[in-house]
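Here are some notes for a colleague who is opening this structure for the first time. Please read them with the structure in view.

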Amino acid sequence: HWLPSDLVGFIGLGGIYELHNRFMAHLHQKGIDFFLQRLLFGETQALRESRSPSILLRRDAEIGKHLPPVLLVHGTGDKIVPPDQSEGFCDQLLKSNVSVQLLFHEGQGHNDPVIHSPLMSNHETVKAIILSMYHWTTGQKKDARLHSDQSANSNFLHFGDPCKEQLAALPTWPKTPE
């Protein structure tokens, strides 16, 4: 069985961190029936809250002592999971003294940071993951909220040689047409 202390870090990609009524209504408006939502997320509000990391941290900030560092990535144009999910979780993590970085990709949708953008040789998410893993494994703390136009590219200059090789290996041409 795994413990949070066994993890080097946590990467959340367009994640759901609070199953509140506003989010449930949002999903319903997108065509996901309340009946199906209750099957997926829990019948009662109390059960959904017990499965919501933001709420659990809000109730007991001491949980943060057991969590690894966190990287949250979200597209500002995400129509499936609103960016406020990552923003609210980031706020709760910071209040619980968890090392967290929140990276917003301007205008990108739910799948763009991990599917569409890498296919177009936009590697901002991949770079953020590599940078975070570098900081996590070298013990450097990095807390920030970034938009893709404020990317951490300048931080990559401080990588060791193995990381520079990984970054140099990323393709620079689009894999698929726009």
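1. A residue counts as buried when its relative accessible area is under 20%, as exposed when that area is over 50%, and as partly exposed in between. By this cut-off Ser121 is buried, because its relative accessible area is 16%. Ser121 sits in the loop between helix 6 (112-119) and helix 7 (124-138). Its backbone deserves a look too: Ser121 is not a glycine, yet it has a positive phi of about 65°.

2. The model is predicted, and these notes should be read with that in mind. The protein chain has 178 residues, and buried residues make up 39% of them. Its secondary structure consists of eight helices and four strands. Read from the N terminus, the order of the elements is β-α-α-α-α-β-α-β-α-α-β-α.

3. Asn97 is another residue with a positive phi, about 60°, although it is not a glycine. Asn97 belongs to the loop between helix 5 and strand 3 (100-105). Is Asn97 buried or exposed? With a relative accessible area of 69%, Asn97 is exposed, whereas Ser121 is buried.

4. Which residues line the largest pocket? The lining consists of Leu3, Pro4, Leu7, Phe10, Tyr17, Pro53, Leu67, Pro68, Val70, Phe89 and Leu93. Sorted by type, the lining has 11 nonpolar residues, no polar ones and no charged ones. The space in this pocket comes to about 190 Å³.

5. There is also a nonpolar patch on the surface, formed by Ile32, Phe35, Leu36, Leu39 and Leu40. Together these residues have about 480 Å² of accessible area. One of them, Leu39, is placed in helix 2 (residues 34-41). Leu39 has a relative accessible area of 55%, so it counts as exposed.

6. Arg38 is partly exposed at 30% relative accessibility, and Glu43 is partly exposed at 49%.

7. A further salt bridge joins Arg59 and Glu49, with the closest N and O atoms 2.3 Å apart. This pair links distant parts of the chain, since Arg59 is in helix 4 (residues 53-59) and Glu49 in helix 3 (residues 45-50), 10 residues apart. Arg59 counts as exposed, with 54% relative accessibility.

8. Glu62 and Lys65 also meet through their side chains in a salt bridge, at 2.6 Å, N to O.

9. Where is Ile80 found? Ile80 lies in the loop between strand 2 (70-75) and helix 5 (84-95). Ile80 and Ile16 are 64 residues apart in sequence, and their C-alpha atoms are 9.9 Å apart in space. Ile80 counts as partly exposed, because its relative accessibility is 44%.

How values were computed. Residues are numbered from 1 along each chain as its sequence is written. This is a predicted model: local features need pLDDT of at least 70, side-chain atom pairs count only at pLDDT 80 or more; totals for chains, interfaces and linings use all residues. Side-chain values use heavy atoms; hydrogens and water are left out. Patches are made of residues with over 30% relative accessible area and no salt bridge: like charges are joined within 9 Å, nonpolar side chains (Val, Leu, Ile, Met, Phe, Trp, Tyr) within 5 Å. Accessible areas come from the Shrake-Rupley method with a 1.4 Å probe; for residues, only the protein chains shown count as cover. A salt bridge is a side-chain nitrogen of Lys or Arg within 4 Å of a carboxyl oxygen of Asp or Glu. Helices (H or I, at least four residues) and strands (E, at least two) are DSSP runs, numbered from the N terminus. Buried means under 20% relative accessible area, exposed over 50%, partly exposed in between (1.4 Å probe, protein chains only). On a 1 Å grid over the protein atoms alone, a cavity is a set of points where a 1.4 Å probe fits but cannot get out, and a pocket is an open set with protein on both sides within 12 Å along at least five of seven lines; lining residues have an atom within 4 Å of a point. Grid points are joined across faces, edges and corners, and a volume is the space filled by probe spheres set on the points. Ala, Val, Leu, Ile, Met, Phe, Trp, Tyr, Cys and Pro count as nonpolar, Asp, Glu, Lys and Arg as charged, and the others, Gly among them, as polar.
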